[in-house]
Amino acid sequence: MKILYLTKYTRLAGSSRMRSYQYFPYLEKAGMQVTVKPFFDDAYLKDFYAGKKNISAVLKSYVRRLGVLFSVFSYDRVVIEKEIFPFLPAWTEWMLKRLGIQYIVDYDDAIFHNYDQSSNPIIKKFLANKIAKVMRFSGMVVAGNQYLADYATRSGTKNIEIIPTVIDLERYPVKNSDSDLELPPNVILSGVEGKAGERSASENNQKFVVGWIGTKTTFEKHLLPCKDWIKALLIQDPNIRFHIVGITEDMDLGKNVQYIRWTEETEVAEILKMDIGLMPLQDSKWEKGKCAYKLIQYAACGIPGVASDVGMNREVCVDGKNGYLVYSDTDWIQRISELKEHREKRQLFGNNARRLVEEKYCIQVTAEKWIQILMR
C-alpha cells in the first residue's frame, strides 16, 4: 500500500514531526510505502524561527505543492495535514473529492480560527468556512482532541477519529534519582551526568528547576505574560531556577533563569533536568484546540505539570492527581512552592502522570489506530 503524506512542515516543526513523521517507521513496518511531501521546507522554517519573512520561499511552496498534486492517483491513500493550500479557498480539496479521492485530513490545532477569527475582513469573509469544507470533503477527519472533533461534527463530517498528539515511550525515560534506568541511545544528556535526570547532591540541595519548553511564538503568547509572577516567585525563593527550553536570548524574566537552545536530540535530556513543568495558556478559542503536548512530554518523564485550566490541559493534567490546574498568578506561585516543599507528592504525581501517558498518550497505543485507519 502506497501512502502520500502532504504535511505542512518538515520534521523540524514539532506539529508535523509528532502528527506524521514519528509514525512512518510503524507504517512501514506494517507493509506500507510512505512518501512525504511537506508544504514548507527546512529553509523556510529556519527563517521563520529566526523571525525572518521569506516571501520567495512561500511562493515556491505553493508552486511545489501544485506539482505534487498531479501524482495523487499514484497512491492508495492521501493524508493531508490541515489543508492543501494555506489561505486559499478549499477548491483543491473539493476537486479531490470530485475525482473520487477520499483523503484523510489531520488536525492538532484549531486552524479554522485563523480564518473565522481573522482581523482581516477579506480573509474572514471569504475563508471563514474553509476548514469546515476541507473536513466535509474528506473521507475522514483525525482530530487531536474533542474540541477539534466537535468542529468536524458541526462541519458535516461523517467519519471522525480522535487521536491525541503523543510521544514515543522509548525516547522518554522516567526521571528518578533512585533508578538505574538507562537513557535510550538517541537521548543526549546535555550537562547531566549519571542516571536519568539525576543531579549532584549539592545541586539537589540548592536548586529546584521549574521548566518550560516551546517555540519563541508560544513563549511570547503564553509564558511572557507570566513575567510578573515569575519574578515575584524568584525573589520569594532564590533556590528556584527556571529553565526555558527553546529560547536563546534573555527575555527579562528575572534572575536565576536559564535560556536553552532546543534540539530534537537534547529536548528529552533538558526535560529530565526539570522538577516540574509549566504549561500556561491564554483562555481563547484557539487554545481550546491545543493538544497539551508540553504536559504530555513532562508526564512521560514522570514530571508533574502545573497548567492553566484551559482546553485539553484538563485531560492531561488531572488536578490534584498528577499535577495542578491554576487560575491566577497567586495560584501559580502557591502550587509551584507547594510541589517544591513536598518531594513525596512530586514523586506520586510524577508516577501518576507517567501511567496516564502509558495508557493514552504514547505512540505505542496510537500507531495501531493509524494503521487501521489507513487500511480501511
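**Close-up views of a predicted model**

**View 1. Strands E3 and E4 side by side.** Strand E3 (residues 77-81) runs parallel to strand E4 (residues 104-107), and three bridges join the two; strands are DSSP E runs of at least two residues, helices H or I runs of at least four, numbered from the N terminus. Glutamate 81 stands opposite aspartate 106 in E4. This is a predicted model, where local features need pLDDT of at least 70 and side-chain atom pairs count only at pLDDT 80 or more, while totals for chains, interfaces and linings use all residues. Residues are numbered from 1 along each chain as its sequence is written, and side-chain values use heavy atoms, with hydrogens and water left out.

**View 2. The open sheet.** Six strands follow the order E2-E1-E3-E4-E5-E6 with parallel pairing (pairing takes at least two DSSP bridges between two strands). At the edges, strand E2 (33-36) and strand E6 (160-162) each pair on one side only.

**View 3. The buried side of helix H12.** In H12 (residues 227-236), Trp229, Ile230, Leu233 and Leu234 are buried (under 20% relative accessible area; exposed is over 50%, partly exposed in between, with a 1.4 Å probe and protein chains only). The face turned away from the buried side carries exposed Asp228, Ile235 and Gln236. Among the elements covering the buried residues are helix H11 (216-223) and helix H16 (329-341), with contact meaning heavy atoms within 4.5 Å.
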